[in-house]
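Trainee: I would like to learn how to read a few features of a model, going through them slowly with the structure in view.
Mentor: Then let us open it and take the features in turn.

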Amino acid sequence: MDRSPSARADICIVGAGPAGAIVAARLAETGHDVVVLDAGPRFDLDDRTDQLDAHLRPGVDSAAQSAAENRPTAGDGLWGMGGERDAYTSSGPKGYPLNAARVKGVGGSTLHWQGMVMRLHERDFELDSRHGVGADWPIDYGDLRPYYAEAERELGVAGADDNPFAPPREEPFPLPAFPPSHSDSIFAEACEALELPMHSVPNARNSEPHDGASACVGYGTCKPVCPSGAKYTAERHVARAEAAGARVIDRAPVQRLVHDDAGEQVEAAVYATPDGDEHRQEARAVVLACGGVENVRLLLLSASDEHPDGLANSSDLVGRHFMDHCFAGVGGRIDRPTRQNHVGFNTSECHALYDGEDPLPGVKLEFLNYAGPSPVIDALHAEEWGDALLDSLQDSYGTHLAVGGLVEQFPDAENRITLDRSTTDDHGNPVPEVHWSVGAETRAAIERANEVQRAILAELGADIDWVVGPDETGPAFHHMGTTRMGTDPDESVVAPDCRAHDLDNLWIGGSSVFPTGGAMNPTLTIAALSCRLADRLDAWL
């Protein structure tokens, strides 16, 4: 494709994940000239069944064939992550596996996400005011409430108004909720006895045909690939943006941003192309929307005499307050059919441990529909055949249950993203270094979650065979907080409208602007903030 810069652009957006794609679509549809630059390739929907084969069947996808067809290889992961392009380092008390879940490509991490979308609670915007911990947002739930409704329409969310703990809403979900799974009904017995209300999970996947895509057809492989297209990906908004006249350039990693002589405005994004050339895309405004890690890296790589510590970093907060959600879980076996792995996403959860007067981090309990082995993968990878294989599958499949949970991390300035100048990527740039730890408050909340999870399985008479607790916890790969919003330029990176304090035409989208992360999956809040950012930027232009 033609990867030369556009002669004229109102907005240059860096990143074609959900934040960048939503902003691009909305601004292109209002008549602005939009250019989107993404570091990774486009992935063709027609290749999704081949990717599913590569995930399920050993040896089905050869590297040579994939290279010839410009598809990711099974060895590199279904979405092509890894190697020098995606190098990073990790330091601190706990290692961080950055490449385990991110995707560089048109669509971003929505290409392989699980698709759960819930609103933050009112307490999440007022954590310091209510409990004296964390931080307050410069906006409250009421400010974002209409944009949450817009975001649910933009993503095509299936849900039901049955959550007694959820914040107030103004209209029904766009699509009906998915029904509870078979294993949800088993959990319901225990939760009723323990007075833990269960409720449906809002999902950004079609429960009925919607937006040109079919209803979910039950492949059960939502992570890492949805072959049917029923699950939302940012490719939908990319298509809308292009239909409205936007240019979306793939395999165009931005190397740095350059500003005017005064250091007050960004003039251009300098990007590389596969042929080895560099180009300048000039624009009246620039929107960074390439994630909580790469947003930071690009700002730091763009240091200049006027901004020696990196762009938008007069507060020394670019990269600081890196947050994620930690996982807590308990699983085991039960002597009754569970029908696990029929559904590749959660249909029920519980927010009973979330609100209240307790200053501990919030916990969202999840009733997992995919605990235990997958019979398809086990069968395809087995070394036994016939009756022996059947006996093994009958012993291992449909006997497992698990309760998971996302646990909040409070912002900590020492959890941060920096540059590792001793290691470089395929363009010779320093790679991101992730310094991550799990604080005492989060550990206490994980222990609390484990206690409740054990009680649920004990009520069912399950034999517990695994626990993920404070020492074994890992991240959910929700990168938040590294360019936090606020009203004071000394205490934040962007203003409440997501515009950088230090450069008046630089805007930052995505979860990096979150002052706190709650325990809710962040994508709906990313989408709501993106709708709001687009409105503010449209008015500014």
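Trainee: Over the face of which residue does R123 lie?
Mentor: A charge is said to sit over a ring if NZ of Lys or CZ of Arg is within 6 Å of the ring centre and within 35 degrees of the ring normal. Here R123 lies over the face of Y354, at 4.9 Å from the ring centre, and R169 is placed over the face of F173, at 3.7 Å from the ring centre. Bear in mind that this is a predicted model, in which local features need pLDDT of at least 70 and side-chain atom pairs count only at pLDDT 80 or more, while totals for chains, interfaces and linings use all residues. Residues are numbered from 1 along each chain as its sequence is written, and side-chain values use heavy atoms, with hydrogens and water left out.

Trainee: How many aromatic pairs does the structure hold, and what is the geometry of Y96 and W436?
Mentor: A pair of aromatic rings is described by the distance of the centres and the angle of the planes. Rings of Phe, Tyr and Trp (its six-membered ring) pair if their centres lie within 6.5 Å, and planes under 30 degrees apart count as stacked, over 60 as edge-to-face and the rest as tilted. The structure holds 12 such pairs; the centres of Y96 and W436 are 5.2 Å apart with planes at 85°, so this pair is edge-to-face. Because Y96 belongs to the loop between β3 and α4, and W436 to the loop between β17 and α11, the pair ties together parts that are 340 residues apart in sequence. Helices (H or I, at least four residues) and strands (E, at least two) are DSSP runs, numbered from the N terminus.

Trainee: Are Y96 and W436 buried or exposed?
Mentor: Buried means under 20% relative accessible area, exposed over 50%, and partly exposed in between (1.4 Å probe, protein chains only). Y96, at 2% relative accessibility, counts as buried, as does W436 at 0%.

Trainee: What is the strand order of the open sheet of five strands?
Mentor: Two strands pair if DSSP finds at least two bridges between them. The order is β7-β2-β1-β11-β19, with parallel pairing. Strands β7 and β19 stand at the edges, each with a single partner strand, so one side of each is left without a neighbour in the sheet. Three bridges join β2 (residues 34-37) to β7, and V36 stands opposite V248 in β7.
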